[in-house]
Structure formats: C-alpha cells, structure tokens
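Good morning, colleagues. Please look at the sequence and the model as I put them on the screen.

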Amino acid sequence: MSKKCATSSIYDTIYGGQKKMSGGAYEGGGIASRNLEVIIYQKKDFLVKIFANLITQLGVTYYIMMNYDYKKDRLGLVKKRIWVVVVLLLITISVIALVPMNMYLKFGAFTFFSALNGLLLSRLMQHVDPTIVEVAILGTIGIFGALFLVGALLLSSGIVLGLRLGLFLLFALLVLIIALIISLFMGPDPIVSKYLTGIGLVLFSVYIVYDTNRILQKDYYGDFITASLDYYLDIINVFIRMVAYGRSG
C-alpha cells in the first residue's frame, strides 16, 4: 500500500490501517486537549468535501430509486435478475474498499455503486408506502446528525475509537448476516425479523459514531471519497432498517 494512499474503514479493520494521523487530523498537542470546535475547524475543508460527495452519491441513489421505471425493466434487473445487481454491488464495493486507485476512478466506481443501490432500492419502492419512505429519510438524517455529533464529542473528550472496536463491529455484522440467512431458510417470522432489524439499526448507528471518530483522527491524504464511502454505507443501511420498521409498525 502506497504511503499516500487512503484506506477505508473496511480495509483498516481487516489489515490494520493508520493508527495515527500526521496531516489530516490534529496539529500539535494531544487529542484530549482539543475541543470540538478546534477539531471541526482543522478539518472543515475536508469535511465539506466529504459531505458534498456524500450528498451527490445519495442524490444519485435517491433519484434512481424514485424514478426507475419498474414496468419497463427490459433487462429484468429488478424483476428477474436482481441477483446480478447484488453481485455487481459486492464486486464494486470490494474494489473500492480494497484496491488502491486514483480519485477519478474511485469517484466513478462510487457513482456506479450508488446507481446500483438505487436500482436495488427501486424494487423496495414497489412494496412500500411513499410516506414510510419519507419518514425513514427524515429519521435517517436525524440519526446521522446526532451520532456524528456523538462521534466528534467522544474524540474531543480524548476517547479514540480504534481497530479493536472495528473488529468487534465487523464480527457483529458477520453474525447478523448469518442470522439473516438462517431466518430466510427458516421462513418468515415477524418477531425474529423485527429483532434482527432492530439489532441492525443499532449496529449501523454505532458504525456512524465509529466512522466519525476515525475520520476525524485518521489521515486520508485528502481522499474525501474513501471517507464519504464509509458514511454512505452507514446511511443506506440505517435507511433500509428504518423502512423495515415502518412497514412492520
């Protein structure tokens, strides 16, 4: 891995990424000596780029989710070949997270990934009341805003969330995925589904805190695309579970 190549939280958790920031976090002094205002100010330009790209990618996903013509699905990607979309999603996210590439290629791959997510979520729109989607969007924004603040406040208090928590979250995610697969084979059970949805919502909410803490302490070498990818995954997963709760409520 090149010294000046940013890595995602996924990469860091698996291989062990940078534990200290040399140019992208704090300049001088210990972490505990920095208040929230100083932290945000020192990374304000980087954070603006992160959120600009995040809004762009979420906009791509939202537009396709709301406007894809399900009835004119000539390739059958949503009706019959949804597995193709899922496989492409897994391949694309693996490439973005694990393969070093320049910013332009990464932005293009990220946009393709966002479009695929929109295509996948467009199927959800055929079975969900638009009001539930609107409430889920507002709820997701509220959760993200609150937990972003929590992650930043933890760091400003001197609490650095490291790879140990990342490994725990990864393990919890794998357990959740296995539980979801088992529940599919066992057949639909509203109570089990609701519990798994709740666990998933809590897990990805904690991921927002963890990713915020990491983004504010880690050196991304200016690679705001990789940083915004971590947030994008958190937001999409929280949104899906908010929709699931709305449908079961």
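First, the basis of the description. This is a predicted model, in which local features need pLDDT of at least 70 and side-chain atom pairs count only at pLDDT 80 or more, while totals for chains, interfaces and linings use all residues. Residues are numbered from 1 along each chain as its sequence is written, and side-chain values use heavy atoms, with hydrogens and water left out.

Now the fold. The protein chain has nine helices and zero strands; these terms denote DSSP runs, numbered from the N terminus, with at least four residues (H or I) for a helix and at least two (E) for a strand. Of the 249 residues in the protein chain, 43% are buried. Buried here means under 20% relative accessible area, exposed means over 50%, and partly exposed is in between, with a 1.4 Å probe and protein chains only. A contact means heavy atoms within 4.5 Å. Among contacts in the protein chain between residues at least 6 apart in sequence, 83% join residues at least 24 apart.

Let us turn to the aromatic rings. How many aromatic pairs does a search of the whole structure find? The search finds ten. Rings of Phe, Tyr and Trp (its six-membered ring) pair if their centres lie within 6.5 Å; planes under 30 degrees apart count as stacked, over 60 as edge-to-face and the rest as tilted. One of these pairs is F144 with Y231, edge-to-face, at 4.9 Å centre to centre and with 85° between the planes. Because F144 lies in helix α6 (residues 130–156) and Y231 in helix α9 (residues 224–248), this pair ties together parts that are 87 residues apart in sequence. Both F144 and Y231 are buried. Ring pairs also link F51, F144, F148 and Y231 into a cluster.

Y207 is buried at a relative accessible area of 12%, and Y210 is buried at 1%.

Next, the charged side chains. The structure holds one salt bridge, defined as a side-chain nitrogen of Lys or Arg within 4 Å of a carboxyl oxygen of Asp or Glu. The partners are K106 and D223, whose closest N and O atoms are 3.0 Å apart. K106 lies in helix α5 (residues 103–125) and D223 in the loop between α8 and α9, so this pair ties together parts that are 117 residues apart in sequence. Is K106 buried or exposed? K106 is buried, with a relative accessible area of 2%, and D223 is buried as well, at 7%.

Q57 lies in helix α3 (residues 44–67) and counts as buried, at 0% relative accessibility. Leaving aside neighbours within four places in sequence, Q57 is in contact with F107, F110, T111, S114 and Y232.

Finally, the surface. The protein chain exposes about 13,500 Å², of which carbon and sulfur atoms supply 69%; accessible areas come from the Shrake-Rupley method with a 1.4 Å probe, and for residues only the protein chains shown count as cover. V87, in helix α4 (residues 82–98), is partly exposed, with a relative accessible area of 38%.
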